[in-house]
Amino acid sequence: MSQISLTFPDGNSRSYEAGVTPADVAADISSSLRKKAISATINDQHWDLQWPIDADASIAINTMKDEAPALELVRHDLAHIMARAVQEIWPETQVTIGPVIQDGWYYDFDRTEPFVPEDLALIEKKMKEIINKRDEVRTEIWDRKKAVQYYQDRNEPYKVELIESIPGDEPLRMYWHGDWQDLCRGPHLQHTGQVPADAFKLMSIAGAYWRGDSNRPMLQRIYGTAFRNKEDLKSHLHRLEEAAKRDHRKLGREMDLFHMQEEAPGQVFWHPNGWTVYTTLQDYMRRKQRAGGYQEINTPQVVDRKLWEASGHWDKYQEHMFVVEVEEEHAKEKAINALKPMNCPCHVQVFNQGLKSYRDLPLRLAEFGSCSRYEPSGALHGIMRVRGFTQDDGHIFCTEDQIEAECAKFIDFLAGIYKDLGFEKFEIAFATRPEKRVGSDESWDHVEGALEGAIKSTGRDFRLEEGDGAFYGPKLDFYLTDAIGRTWQCGTFQVDPNLPERLGATYIGEDGNKHRPYMLHRATLGSFERFVGILIEEHAGKLPFWLAPRQVVVATIVSDADDYAQEVVAALQAAGVRAEADTRNEKINYKVREHSVGKVPIILALGAREVAERTVTARRLGENRTSVVNLSDIVPQLAHDATPPDQRG
RNA sequence: GCCGGUGUAGCUCAGCUGGUAGAGCACUGCAUUCGUAAUGCAUAGGUCGUAGGUUCGAGUCCUAUCACCGGCACCA
């Protein structure tokens, strides 16, 4: 047997026979380590304690103290244990796959009877029994034929398909948790008892397509969450509760921002408060775009299908468009229009009016474009995913050489806006050429190079999404992470030589000939609807003062302060602050509570003292201390806070 | 669109095996003028998402349909 050298994290190394397992190594160090060991990290690879090591390597023995491998193993073993539990309770159930995901795992099953919520408790109980059995976990490598045969015999067609889809003819790894077997890459724990029985919870049941393909069978998915200990699980469940409190649908009602109703699914009825947020944001964007060199335009809502046919959208998205048919008395045929699902084709129409010179480029057109898309019913989500929305859309017509500079300019533009709105960080995803595409490789090289160069010139990082670009050009997507860790695509920047081609856009170049411009699609917020939703959730309803729909409530403590309250409100309103008086015959406690629930940032309380001294007692949302300020001081102070960030001196 | 769940007063929710709808908060009225997250009392308010059906009788059972929620698929 040849010898190999294993190097430990502290830099020391020891010599072992080739084929030694991490379990042996741990035992060699100490019996207590052997007991505590859960896995190893071999050359940065997560390694099962049972897997042999055949060559020189770095090694670290992991215990429950090592968070990443511990969570990975606990969740992965729980996936197997859950599948075993389900098959023990309902033997006719077929198993498919069960990966580890953020905060937990899921496993997909095929079973005729649907799981019901009460089943979760049943499964959890069975899982705890399995854990308490401390069943050994062991692994073997099988050849493909044997594995296929095994699963065919057991009537597990999904597993057979999985094996057949694994490329090459490499051997397959099998794992046993007690007598229960699953095809699995591993690694796993050493026995089921290593899983903490009190640190997991089954969360929900959902449908999911086999292999993520909507043409294939719908399976039943059970989600679970797990941590290393009870406390971590508890704090995770607590975080979920907190997250639910900042749901924009709940806050939208509590703050009286908007509502939605059955007669207009996926569309928003904005209430005065919500519309104040919306228009304040829109006014801000309008000023930013003007300063950024855009010219604002507006285009029609109802457009003949001919234009959508020409743009190619009719062909591809017809069933997702709201079609409007009009019967005119003398017309030969019915006019078929569609509510515009996007603004791009209309912007090309504006560009196409009159001759354009290369001197006009880059030409930046912007529109707060209301779009309608018949989104699938299951896609709708509050005001985040809707059927009627307004994009802060813009199209830049330019030459190929201008793309890089325009892109860099846009990234800076977007970053400044996100910062003003309270988002310091955002993620850029760079999607490159897909397999099916139009245009020459040279052209793709050049355009992709321009985008990459632009990102780098701003000194930002990006995530590469190879092959995810549109068939006609690469794009950048800008993602924001909300306070609960969910990411939302908001901004976008897309290079498009295709639509100008289809719709015949040209400009006269220096050489006096007609040329085809590039069209850059870009949006900063994405849609106002979604962005307002994200703002609400990110700030848990406590919007930045300048965006808050109700900025100040002047609440009286005694009715003798009513006149003074009106005076204070008038002074604030004159200074541009959204202020209102609350002179109802209610206790100050009641008023404070009500306006706090309504997320009013500043409450000014007025009693006899304030009237006499011409002061106000201010209370900021979320704080329970108050401060007494002279009326003459508070007005300019709040007026400053109420000024949008781009207009502050 | 697919799988599962839900749909009762403005809001949050209760209503067991079918017998003709209940609470708290909000609203309104009266009393209270009370210093920082709910003052007291009283009145009023729904035909139970919608449409059919079973039944002597349905919020409660059945069918269809719509919307919403959790996922999946989709997102020009």
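Predicted model: local features only at pLDDT ≥ 70, side-chain atom pairs only at ≥ 80, totals over all residues.
Start with the open sheet, where five strands line up in the order β2-β1-β5-β3-β4 and the pairing is mixed. Two of them, β2 (13-17) and β4 (45-47), sit at the edges with a single partner strand each, so one side of each has no neighbour in the sheet. On average, neighbouring strands here are turned by 35° against each other, ignoring direction.

Look next at β3 (residues 39-42) and β4: they run antiparallel and are joined by three bridges. Here I42 stands opposite Q45 in β4.

## Helices on the sheet

Helix α1 (residues 22-29) lies across β1 (3-7), β2, β3, β4 and β5 (57-62), and makes an angle of about 125° with β2. Helix α3 (residues 67-89) packs on the sheet too, touching β3, β4 and β5, with its direction at about 50° to that of β4.

Now for α4 (residues 117-133), a helix of 17 residues. From first C-alpha to last it reaches 26 Å, close to the 24 Å expected at 1.5 Å a residue.

Which residues of α4 are buried? They are D119, L120, I123, E124, M127, I130 and I131. Seen down the helix axis, the buried residues fall within an arc of 140°, so they line one face of α4. Their packing partners are α3, β8 (104-110), β12 (200-209) and β13 (218-226).

Conventions
Residues numbered from 1 in each chain as written. Chains lettered and ligands numbered in written order. Heavy atoms only, no water. Pairing = 2+ DSSP bridges. Helix = DSSP H or I, 4+ residues; strand = E, 2+ residues; numbered from the N terminus. Axes fitted to C-alpha atoms, helices over the stretch in contact; angles between N-to-C directions. Contact = heavy atoms within 4.5 Å. Expected span 1.5 Å × (residues − 1). Buried < 20%, exposed > 50% of the residue type's maximum accessible area, 1.4 Å probe, protein only. Arc of directions from axis to C-beta.
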